[in-house]
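Let's take a walk through this fold together, stopping at a handful of side chains along the way. Have the sequence and the viewer open.

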Amino acid sequence: HWMLTGYVPTIEINDNLNPCAGSVVARMRGSNQPRVPAYVCVPSVPGHSGAAYLGAAYNAFAPGSDPNSPDFNVRDLRLAPNIDLTRFRNRRDLLQGVDTLRRDVDREGTLEGYDRFYRDAFEIVTSPQCRDAFDIRRENSRIRDKYGRDTWGQSALLARRLVEAGVTYVTVNVGGWDSHNNNFNELKNRLLPRYDQALSALVEDLSERGMARKVLVLAYGEFGRTPRVNTTSGRDHWPGAASVVFAGGGLRMGQVIGSTDARAEYPATRPTSPQDVLATMYNVLGINYRHEFMDGGQRPIPILNEGRPI
């Protein structure tokens, strides 16, 4: 929750108390092209990636299937069987007619949020541009090989396709990093080769396509790992220090900012916070990270209450 929203929850939660960065970007910027979603998670939506009080219209769109699968498809970009476009439009018109019956009793703007959600959903479902962007089979096989023929690589490639099509914010959700046991073999033989290939291919591909200055890539997890190895040759959860990779976005590359102490336990110089990371991203996108939203209780809450661009 802290890494994705900039707010530390005061209670144990399984959902968003504050909107995640992708939802904030969707609300403040929208999509870069019409008829595509503003915020997408591939292949699935990680925890704490919801819109909270911003409303359902700003939740992430997700394909819900593996881009590396031979039969990869996006369920919500197909009309239901036996439903043609005319019948689909008729259903939309009927929904709009029924919805007007409750406009006079909606005091919290809930229906307005769902109005936008349905309107955007209709545009997406009927959009050939969106279907083409998600159709990873259109991509050159050499490029697909470069990213890696696995879920991580093909998700990174799909992210690039979506950004090209006008999606503003894409989260590539890759798990499996909990190396409490057998850390060294897991990293060397399974996790790092896939990660290195996907991330380097994405950064190089964006550069070769002239998109590096326009697109910011951020790569991070929710915390670091313990500097000391445990009794099962693993590393456990460690919130004391972690690393974040930035690439592109018009920022100056080729530098390391900050350092840890000799044991890699805590920051020693130039410490930065999750809020600083998010403030940097918002700054690149031209979003005022001190902008205030009104939550469900009509209290003003800034996008970030702490932090500044690195």
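Which residues do ring pairs link into a cluster? They are W152, W177 and Y195. Before going further, some ground rules: this is a predicted model, in which local features need pLDDT of at least 70 and side-chain atom pairs count only at pLDDT 80 or more, while totals for chains, interfaces and linings use all residues. Residues are numbered from 1 along each chain as its sequence is written, and side-chain values use heavy atoms, with hydrogens and water left out.

Back to the rings. A pair of aromatic rings is described by the distance of the centres and the angle of the planes. Here, rings of Phe, Tyr and Trp (its six-membered ring) pair if their centres lie within 6.5 Å; planes under 30 degrees apart count as stacked, over 60 as edge-to-face and the rest as tilted. The structure has five such aromatic pairs. Take F61 and F134: their ring centres sit 5.6 Å apart with the planes at 55 degrees, so this pair is tilted. It links distant parts of the chain, as F61 is in the loop between strand 1 (39-42) and helix 3 (85-99) and F134 is in helix 5 (residues 128-134), 73 residues apart. Helices (H or I, at least four residues) and strands (E, at least two) are DSSP runs, numbered from the N terminus. Both F61 and F134 are buried, where buried means under 20% relative accessible area, exposed over 50% and partly exposed in between (1.4 Å probe, protein chains only).

Next come W238 and Y266, with ring centres 5.6 Å apart and planes at 50 degrees, so the pair is tilted. W238 belongs to strand 5 (residues 237-238) and Y266 to the loop between strand 7 and strand 8, so the pair ties together parts that are 28 residues apart in sequence. W238 is buried at 17% relative accessible area, whereas Y266 is partly exposed at 43%.

E265 is in the loop between strand 7 (259-260) and strand 8 (267-269). E265 touches P227, R228, W238, G240 and A241, leaving aside residues up to four places away in sequence; contact means heavy atoms within 4.5 Å. Though buried, E265 has no salt bridge, and the nearest side chain of opposite charge, R228, is 4.5 Å away. A salt bridge is a side-chain nitrogen of Lys or Arg within 4 Å of a carboxyl oxygen of Asp or Glu. For charge, Lys and Arg count as positive and Asp and Glu as negative; His and the chain ends are not counted.

Strand 3 runs antiparallel to strand 6 (residues 245-248), joined by four bridges. L216, for instance, has G248 as its bridge partner. Two strands pair if DSSP finds at least two bridges between them.

What does helix 9 pack against? Its buried residues meet helix 1 (2-5), helix 2 (21-28), strand 2 (169-172), strand 3 and strand 6. Nine of the 11 residues of helix 9 (residues 274-284) are buried, so the helix is largely enclosed by the rest of the structure. Just after helix 9, G286 takes a positive phi of about 75 degrees.
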